Amino acid sequence: MALEHAILVSLLEKPGSGYELARRFDRSIGYFWTATHQQIYRVLKRMENDGWVEARDVPQQGRPDKKEYSVADLGRAALSSWLHDPIEPESVRHDLAVKIRGAAFDDPAALIREVQRHRQAHRDRLSHYLAGEERDFTGPEATAAAAEAPPDAERELQHVVLRGGIAYERMMIDWLDDVLATLARFGPGR
């Protein structure tokens, strides 16, 4: 996937400025596809030049006007083409897993602190995902609003991607618990 596709999806969900788009990447889409603010701005400019997105100036009170981007017909066509192309299943590239295997040739217990740090990062991300799910999909307000509305593909597909993130974080925490239990069997210098 190219950054262009992630930007198209985000702009179809809600048009916005480059700054707003970068913030969305920091808060949601960025958990599945990362990009720096500079990359986003550079790709947005190229997409505008290629006719994939359109920009309009939006006046602001007491601040410079901002450019609000939306997806143009060429951008929709590019996204549609990409959505219909097959992609290869991703291979996992996991530095920590290589370190864990390599620990057999050094001091396995020395990795405990690093594995605990990774476990905490996954717990923090899981908490963030669960809070977002509660706020946007399963909490009382979200459930009441959804019950009154017809089925919404955008909402349902956002939720299924979030559920995938939740499942992944839970799997990583379970695996890291297993790693910690295994490492604990080896004392320093064994």
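1. Let me start with a pair you can find quickly in this predicted model: Lys67 and Glu48 form a salt bridge, with 3.5 Å between their closest N and O atoms. The two partners come from distant parts of the chain, 19 residues apart: Lys67 sits in strand β2 (residues 63-71), while Glu48 belongs to helix α3 (residues 37-49). Over the whole structure, the search turns up eight salt bridges.

2. Next, the overall layout. The protein chain splits into domain 1, covering 1-84, and domain 2, covering 95-185. Four residues of domain 1 and seven residues of domain 2 take part in the contact.

3. How much area do domain 1 and domain 2 bury between them? The figure is about 490 Å², and 58% of it lies on carbon and sulfur atoms. On the domain 1 side, Glu13, Tyr31 and Phe32 lose the most area to domain 2; together these residues account for 93% of what that side buries. If you are looking for salt bridges across the interface of domain 1 and domain 2, the rule finds zero.

4. Now have a look at helix α6 (residues 112-138) and helix α7 (residues 140-148). Their axes come within 5 Å and cross at roughly 30 degrees. Angles under 35 degrees count as roughly parallel, and α6 and α7 are therefore roughly parallel to each other.

5. Which residues meet where α6 and α7 touch? From α6 come Glu134, Arg135, Asp136, Phe137 and Thr138, and from α7 come Pro140, Ala142 and Thr143.

6. Finally, a word on Arg76, which is found in helix α4 (residues 73-84). Where sequence is concerned, Arg76 and Val9 are 67 residues apart, yet in space their C-alpha atoms are 9.3 Å apart. Leaving aside residues up to four places away in sequence, Arg76 touches Leu12 and Val71.

Methods
Residues are numbered from 1 along each chain as its sequence is written. This is a predicted model: local features need pLDDT of at least 70, side-chain atom pairs count only at pLDDT 80 or more; totals for chains, interfaces and linings use all residues. Side-chain values use heavy atoms; hydrogens and water are left out. Axes are lines fitted to C-alpha atoms, for helices over the stretch in contact, and angles run from 0 to 180 degrees between N-to-C directions. Helices (H or I, at least four residues) and strands (E, at least two) are DSSP runs, numbered from the N terminus. Angles under 35 degrees count as roughly parallel, over 145 as roughly antiparallel, 65 to 115 as roughly perpendicular and the rest as oblique. Contact means heavy atoms within 4.5 Å. Domain bounds come from an automatic or database domain assignment. Buried area is the accessible area (1.4 Å probe) that two parts lose on being put together, summed over both. A salt bridge is a side-chain nitrogen of Lys or Arg within 4 Å of a carboxyl oxygen of Asp or Glu.
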